[in-house]
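Have the picture open while you read.

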Amino acid sequence: ICDADNGSLLWKLFCVAFLSCSEGRNREIEGFVLVQNYIMSLDAVLLAEDTEGTLSICDADNGSRLTQALRGAAGNVPPRGVALLGSDYVVAAYKEKPVLHVWSWTKHSQPALRIPLPGKASAVSCSPCGTFCVCGIEASFYVWEVASGRLLAVVSHHFQPISVLCFTDDGSHLISGGRDGHVHVWSFSDVLSKSHRGEMPEPVYHWVHHQQPVTDIYCGVSGRRARVFTSSKDGTCCVYELASGHHLCKLIFESSLSAIALDPVELFLFGAEEKEHLIRKVNFYKTDLIPSQNAAQEGGDGSKNFVCRGHTAAISCLSVSMDGTKLVSASADGTARVWQVLTCQILHVFNRQGPVSFATVIRLPAILSQPHRAGGLQQKPQSLAPLALFQRQLTTTATASSSIAALETCTLHVAQAEAQARGPLTGKQRTDYFRKFVWSCMEVDAKNKREAGNSEAIKSSSLVKNLHHQLVEMQKVNRQLLRKESQQVIDSLLKS
């Protein structure tokens, strides 16, 4: 059994073909148990604490902390503001600051990079390949290339701030949900190509079945053939088919939903209700999909709807383990709980000093795992993926062509200078010439911007004067109409 990401050997099974029947069977069972226990131990819980603004990784089986806290700036982390960036980094945004913190799994004390953003990010998502990072800032989402830091796209299609972003498992589509209750499905390649040409991309699907803000989005497996689940504060959960865009069904809960999660085979849906701070489980393959007050019994055998109780404050995030046996919930009561799905019992409680805004089950990073305990081979640490600060200027065909044109013009001027000097320029002279040319271009660009700003100011002042004149004229007309109406009323009263 090997790691699908880096190819490292996790466990070597015995070959039982040349062993006796009894010895081979015992050895095979022993190897299977060891492999199963090791794969189960790959589940870890990633928590985000609001008081200190730190992230921590804990074991999902015994609740022990696996690494030191990933410390950042003190502040609240949005429930959808944490994402894994490939297999090397984890990123987190903050509600109070327009900054994105990036940690590597090798260094826990300080963020590997602090990236300033154009605004405060309310949602963060990264492509499964780890190449792109998408941040929801106000009613727009920004797409950056992580290695170079280039801003590839800025898309505005929501009427209110974006609350959640989600990629499909193959990275072909991006799903955005906003506080306006709308859910948009985007073809990610279409977003990149049209933004590069300076065009505004249009969503593939536009779903408007929610009446209040969208709180969470879950996208299943199989890429284009996946099903999409959305939750809202109106107490409904909608199910869509990504291939056709059809609205399959709507589940109605007793109160508003703050988070949803599904098991890997999409058999059970878990919804966090805000009214009583409970988690309700729905079986999609039963006739009684919508639980009532009488049907929502505590406990259960795994085939009926049941309720998980224990939190005393709002639940912000839900996540299911890879084997579908454990459910993790984060709450503002300062705890994160691990539930057993079948019996609805609490396995572990992670107590924190402040509210826990984010919790998810992740695959334990290879650098933190110890394969030699299970008989695997110890691998050398690999180099981290490149990471750069994010740019604020959109990279389009126009900007690229203007840069190329400027470079060609500068090269032409250098050739003319060499022709006048009747000889090639030295390296220092060429560098000085390029520097002077760049500074002159920057001065011309700044002058053009000032002139454009002055012209815009003149246009805006003239527009304000025009609007003021129209307002005065409308006030005169309103006064005349009021006098006329008043005179008519007085005349009718006198005649009567």
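Strand β20 (residues 268-273) and β21 pair in the antiparallel sense, with six bridges between them. Strands here are DSSP runs of E with at least two residues, numbered from the N terminus (helices are runs of H or I with at least four), and two strands pair if DSSP finds at least two bridges between them. Some background on what you're looking at: this is a predicted model, where local features need pLDDT of at least 70 and side-chain atom pairs count only at pLDDT 80 or more, while totals for chains, interfaces and linings use all residues. Residues are numbered from 1 along each chain as its sequence is written, and side-chain values use heavy atoms, with hydrogens and water left out.

Back to that pair. Phe270 has Lys281 as its bridge partner in β21, and Glu273 stands opposite Leu278 in β21. The hairpin of β20 and β21 has four residues between the strands, and His277 takes a positive phi near 55° there.

Both strands also have another neighbour. Strand β19 (residues 257-262) runs antiparallel to β20, joined by five bridges, and Ala261 has Phe270 as its bridge partner in β20. In the hairpin of β19 and β20, with five residues between the strands, Glu266 takes a positive phi near 55°. As for β21, three bridges join it to strand β23 (residues 306-308), again antiparallel; there Lys281 has Phe306 as its bridge partner.

Here are the pairings so far:

| Strands | Bridges | Sense |
|---|---|---|
| β20 and β21 | six bridges | antiparallel |
| β19 and β20 | five bridges | antiparallel |
| β21 and β23 | three bridges | antiparallel |

Are the residues of β21 buried or exposed? Six of the six residues of β21 (residues 278-283) are buried, so the strand is largely enclosed by the rest of the structure. Buried means under 20% relative accessible area, exposed over 50%, and partly exposed in between (1.4 Å probe, protein chains only). In a regular strand the side chains alternate between the two faces of the sheet. In β21, Leu278, Arg280 and Val282 point one way and Ile279, Lys281 and Asn283 the other way, and all are buried. The story repeats in β20: six of its six residues are buried, so it too is largely enclosed by the rest of the structure. Phe268, Phe270 and Ala272 are on one side of β20, with Leu269, Gly271 and Glu273 on the other.

Elsewhere, three strands form an open antiparallel sheet in the order β2-β1-β28. Its edge strands, β2 (54-59) and β28 (356-363), each pair on one side only. Strand β1 (residues 43-49) and β2 share six bridges, and one of the pairs is Ala48 with Leu55 in β2.
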